[in-house]
Amino acid sequence: MADKDNPTTVADDLVVSIEYTLTVDGEVIDSSEDEGPLDYLHGHSNIIPGLEKELTGMQVGEKKKVKVLPAEGYGELDEDSIMEVPLDEFPEDVPLEPGIELEITDDEGDMMFAEIVEIGKDTVTLDTNHPLAGKTLHFDISIVGLRTASAEEIDHGHVHFGDHDH
Ligand code: ZN
């Protein structure tokens, strides 16, 4: 019998602590070495689907290499994600330079990335593809901790740190 209070196998509604390195096109672009292990609530789409699926059933202490194709990562590159925004709708505090990366909110209130591609006379061309869209992701993962989530964390669908609550 599994001990409910001391879970050892990654499953839904557990808080999983992972150390990871993300390599794209042969280059390490993100790693838990800088900020310490990542804690997330498993089974609530807090991490990309292709990674979450592969972590299910792993044991504490286990390491794994996970390859995630774009469709299960940050999506394919989408031509329709290139859009023109009228210059006068642009916030004044945003520097208007090609290559500047922004976080914008769409009509549904979801946060998305946008990179300024071009500045025209009356419009700004934005590319809202995620910077990792179209990329195959190579993760080196190590499961370093597991705990049961609180009822509130499960209800909110994310991990709470310290007295954070939202
Ligand atoms: Zn919360």
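How do the residues of the lining of the largest pocket divide into nonpolar, polar and charged? I took this up as my opening entry, keeping in mind that the model is predicted.

**Entry on the pocket.** I looked up the lining of the largest pocket and found 13 nonpolar residues, 3 polar ones and 1 charged one. The space in this pocket comes to about 370 Å³. Of the 17 residues that line the pocket, I noted Tyr-20, Asp-30, Leu-38, Tyr-74 and Phe-139 as the closest to its centre. I then asked which elements give two or more residues to the lining, and these are E1, strand E2 (27-31) and strand E3 (38-41); E1 gives the most, with 3 residues.

**Entry on the largest core.** I turned next to the largest nonpolar core, which has 21 residues, and recorded that Leu-55, Phe-139 and Ile-141 touch the most other members. Two or more residues of this core come from each of strand E1 (14-24), helix H2 (49-55), strand E4 (63-68) and strand E9 (137-148), and the largest share, 6 residues, is that of E1.

**Entry on Ile-141.** Leaving aside residues up to four places away in sequence, I listed what Ile-141 touches: Ile-18, Glu-19, Tyr-20, Leu-51, Leu-55, Glu-62, Lys-63, Lys-64 and Val-66.

How values were computed:
Residues numbered from 1 in each chain as written. Predicted model: local features only at pLDDT ≥ 70, side-chain atom pairs only at ≥ 80, totals over all residues. Heavy atoms only, no water. Core = buried A, V, L, I, M, F, W, Y, C linked by side-chain atoms within 4.5 Å. Buried < 20%, exposed > 50% of the residue type's maximum accessible area, 1.4 Å probe, protein only. Helix = DSSP H or I, 4+ residues; strand = E, 2+ residues; numbered from the N terminus. Contact = heavy atoms within 4.5 Å. 1 Å grid on protein atoms, 1.4 Å probe; cavity = no way out; pocket = protein on both sides within 12 Å on 5 of 7 lines; lining within 4 Å. Points joined across faces, edges and corners; volume = space filled by probe spheres on them. Nonpolar A, V, L, I, M, F, W, Y, C, P; charged D, E, K, R; others polar.
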